[in-house]
Amino acid sequence: MTLSAHAHAQADGACELHVWPATAPMNLYIGFGHGGIIDGSTKGREGYPAAPENPLSPDRQAQLLFEAGLPDLLKLPGYRVTLHPEPLDSRTIRTTRGRIAESTAPCYAELIVDDLILNQNTISGGNGLRGSFRFRTFGTDPAPMRAFGSWTLVKLSAFPPKPNEDPDKGIAEIVQAFRASLVQFAEALNKPPRTKR
């Protein structure tokens, strides 16, 4: 049974939350004489190290999204989760005005993991997982009632693992960083609006 089939069985409510993972994380390396080209090694740029093997494939992200309890996390009680295992292309994400999924549910929401970037900074010594998330809610009108997007950043200390280090520790850390990214985004999404004094 697929993840999306499991997700359909979570609830019998009429409201739907559709969720998409990102592609595998991009690699942003910043070092002396290297200004931070995305995926520099795969683009053949000299001096950029090969990107580390990353455990956050779209399939792994989908599993983590499925386990995250998204209706509670996003404060959408009663919403039925539909998990789409294939990432969306950039054009679809940025140009689709209405609902991306074919759904006629009277209440409908979308969570898209737009981008994941592994930041490696040998100058500052700080590594981190950056995530870009997009969220929209719809009622019966074609246009969304609300659209919200935000970046998250979770620091890493064990990923990518060094050659003499246990890789399992680094893998566990970046998986936990993805979970923490979801929580960060949900907190930003649900933050009360500022009131004018």
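In strand β4, the bridge partner of Glu16 is Tyr108. Two strands count as paired if DSSP finds at least two bridges between them.

This is a predicted model, in which local features need pLDDT of at least 70 and side-chain atom pairs count only at pLDDT 80 or more, while totals for chains, interfaces and linings use all residues. Residues are numbered from 1 along each chain as its sequence is written, and side-chain values use heavy atoms, with hydrogens and water left out.

## The chain as a whole

The chain has five helices and six strands. Along the sequence they follow the pattern α-β-β-α-α-β-α-β-β-β-α. Of the 197 residues, 39% are buried; buried means under 20% relative accessible area, exposed means over 50%, and partly exposed lies in between, with a 1.4 Å probe and protein chains only. The accessible surface comes to about 11200 Å², and carbon and sulfur atoms account for 53% of it. Such areas come from the Shrake-Rupley method with a 1.4 Å probe, and for residues only the protein chains shown count as cover.

A contact means heavy atoms within 4.5 Å. Among contacts between residues at least 6 apart in sequence, 67% join residues at least 24 apart.

## The strands

| Strands | Sense | Bridges |
|---|---|---|
| β1 and β4 | parallel | five |
| β1 and β3 (residues 80-83) | parallel | four |
| β4 and β5 | antiparallel | 13 |

Strand β1 takes part in pairings with β4 and with β3. On the β4 side, Val19 stands opposite Leu111. On the β3 side, Leu17 has Val81 as its bridge partner. Five of the five residues of β1 are buried. One side of β1 carries Glu16, His18 and Trp20 and the other carries Leu17 and Val19, and both faces are covered.

Strand β4 is largely enclosed by the rest of the structure, because 13 of its 14 residues are buried. Ser132 is the bridge partner of Asp115. Is Ser132 buried or exposed? Ser132 is buried, with a relative accessible area of 7%. Leaving aside neighbours within four places in sequence, Ser132 is in contact with Ile112, Val113, Asp114, Asp115, Ser150 and Trp151.

## The disulfide

A search of the whole structure finds one disulfide, that is, a pair of cysteine sulfur atoms within 2.5 Å. The bond joins Cys15 to Cys107, with an S to S distance of 1.8 Å. These two cysteines link distant parts of the chain, 92 residues apart: Cys15 is in the loop between α1 (3-8) and β1 (16-20), and Cys107 is in the loop between α4 (90-95) and β4 (108-121). The torsion about the S-S bond of Cys15 and Cys107 is about -75°, so the disulfide is left-handed. Both Cys15 and Cys107 are buried.

## The nonpolar cores

A nonpolar core is a set of buried Ala, Val, Leu, Ile, Met, Phe, Trp, Tyr and Cys residues joined through side-chain atoms within 4.5 Å. The largest one has 34 residues, and those with the most contacts inside it are Leu17, Leu74 and Phe178. Two or more residues each come from β1, α2 (58-67), β3, β4, β5, β6 (146-156) and α5 (167-189). Helix α5 gives the largest share, eight residues. A second, separate core has seven residues, among them Ile93, Tyr108, Ile112 and Phe138.

For Phe178, neighbours within four places in sequence are again left aside. The residues in contact with Phe178 are then Leu56, Gln61, Leu64, Leu65, Val113, Leu116 and Leu129.

Pro25 sits in the loop between β1 and β2 (26-30). This proline is buried, with a relative accessible area of 14%. Which residues is Pro25 in contact with, leaving aside its neighbours within four places in sequence? They are Asn54, Leu56 and Leu116. Pro25 and Asp115 are 90 residues apart in sequence, and their C-alpha atoms are 7.1 Å apart in space.
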